[in-house]
Amino acid sequence: MKLSMHSNAEEGLLLIGFDDEGREKLLGDIERTIAQQDHEFDILDTELSPDDPRGGNWKPNDFYNISWNSDENAPLHVDDSVYISGGKTALMDLYNRIRLLPADCKELELAAVHCETAKQKKQRLIGKLLLLLLLNAAIAFALLLGSLMHAIRHCEGWESPAFWHYIVTYVMFFAAISQPLWLLAEVLPANRLRKFCFNLSGLLLLPGLLIAAPVYLCDSDIIGIDSYALRVPLALLFLVAACCVFFYLRKRVRNNGIIERGSQLKIASRT
């Protein structure tokens with residue numbers, strides 16, 4: 001049986017070599033990793049044959065460790081040690097890629113992700129979440145302020161305010177307090193719960209943003225904005241925000257659906 005792995009640190013590549021038996025061994029290890037949600041470990045042959053074309057920057061690896069990531073949609077991660085890890089989707093992709101190679105193909109090249117690259121990706125993810133947190137806080141504050149302005153102008157002190165004034169006030173209020181749903185959906189793995197959170201967030205948030213536009217146009221004098229030269233752009237800002245949020249959430253829901261269907265197809269193809 002032949003199963004070997006070579007790393008090229010300068011190019012950031014991992015080269016896997018195998019014969020038919022080695023391919024089945026590697027496929028079995030990946031399959032057990034997915035089924036048991038654990039890891040598979042093996043020692044590799046590090047001796048190069050005289051006619052082996054690899055050399056120079058290519059260094060043989062002593063072992064491999066295929067690991068399961070609890071986040072089903074974690075991308076495939078390969079380092080020089082060599083650890084191969086990923087979520088269910090990534091490992092299933094790798095499994096199918098190896099299984100569907102032509103019979104005469106005895107090598108597979110993967111991009112090796114170094115620790116520094118992984119650290120940068122993590123920092124970008126944290127930065128994105130912080131940006132979303134600030135955006136959600138700003139939206140929540142603006143909606144709560146709009147709800148308060150409308151309540152003061154049309155509900156507070158009136159004996160029998162029109163019922164629709166209460167609707168306007170509470171639509172903005174519930175849109176403001178729904179912000180944690182959006183943040184929760186961003187950190188959840190792609191599944192039906194994530195899709196539900198995105199959809200519910202949109203159903204609560206979008207009406208609040210749309211209603212906030214006329215409220216700020218008509219009632220913002222309460223907070224000292226008397227000029228319509230300022231009120232009109234402020235109202236338009238809420239309409240633009242509603243459009244941006246709609247298309248962003250729509251894209252996130254669609255991406256979630258693609259990942260779910262892709263996982264189902266891969267499982268079906270394996271069985």
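Two strands count as paired where DSSP finds at least two bridges between them, and in this predicted model His6 stands opposite Leu15 of strand β2 in such a pairing.

**Figure 1. Overview of the predicted model, with its helices and strands.** The protein, shown here as a predicted model, contains seven helices and eight strands. Of its 271 residues, 40% count as buried, and the accessible surface comes to about 15400 Å², with 63% of that area belonging to carbon and sulfur atoms.

**Figure 2. Close-up of strand β2 and its two antiparallel partners.** Strand β2 covers residues 13-18, and six of its six residues are buried, so the strand is largely enclosed by the rest of the structure. Leu13, Leu15 and Gly17 point one way from β2, whereas Leu14, Ile16 and Phe18 point the other way, and the residues of both sets are buried. Strand β1 (residues 3-8) pairs with β2 in the antiparallel sense over six bridges, and within this pair His6 faces Leu15. The two strands form a hairpin with four residues between them, and Gly12, which lies in the turn, has a positive phi of about 70°. Strand β8 (residues 107-111) also runs antiparallel to β2, to which it is joined by five bridges, with Leu110 of β8 standing opposite Leu14.

Figure 3. Strand β5 (residues 63-68) runs parallel to strand β7 (residues 83-86), the two being joined by four bridges; the bridge partner of Asn65 is Tyr83, and that of Ser67 is Ser85.

Figure 4. Gln37 is found in the loop between α1 (20-36) and β3. Although it is not a glycine, Gln37 has a positive phi of about 50°. With a relative accessibility of 51%, Gln37 counts as exposed, because the cut-off for that class is over 50%.

Figure 5. Nonpolar side chains in soluble globular proteins tend to be buried together. The largest nonpolar core in this model has 29 residues, of which Leu143, Trp182, Leu205, Leu209, Phe238 and Val245 touch the most other members. Helices α3 (115-154), α4 (163-177), α5 (179-187), α6 and α7 (228-270) each supply at least two residues of this core, and the largest share, nine residues, comes from α6. Apart from this core lies another, of 24 residues, whose members include Ile34, Ile66, Ile84 and Leu108. Leaving aside the neighbours within four places in sequence, Val245 is in contact with Trp182, Leu205, Leu206 and Leu209.

**Figure 6. Close-up of helix α6 and its kink.** Helix α6 (residues 192-219) has 28 residues and reaches 40 Å from its first C-alpha to its last, a span close to the 40 Å expected at 1.5 Å a residue. Within α6 a kink of about 25° lies at Ala212, shortly before the proline Pro214.

Figure 7. Leu230 is found in helix α7. The relative accessible area of Leu230 is 55%, and the residue therefore counts as exposed, the cut-off being over 50%. Leu217 lies 13 residues from Leu230 along the chain, and the C-alpha atoms of these two residues are separated by 8.9 Å.

Notes: Residues numbered from 1 in each chain as written. Predicted model: local features only at pLDDT ≥ 70, side-chain atom pairs only at ≥ 80, totals over all residues. Heavy atoms only, no water. Expected span 1.5 Å × (residues − 1). Bend = angle between axes of the 7 residues up to and from the residue. Buried < 20%, exposed > 50% of the residue type's maximum accessible area, 1.4 Å probe, protein only. Areas by Shrake-Rupley, 256 points an atom, 1.4 Å probe, with all protein chains shown as cover. Core = buried A, V, L, I, M, F, W, Y, C linked by side-chain atoms within 4.5 Å. Contact = heavy atoms within 4.5 Å.
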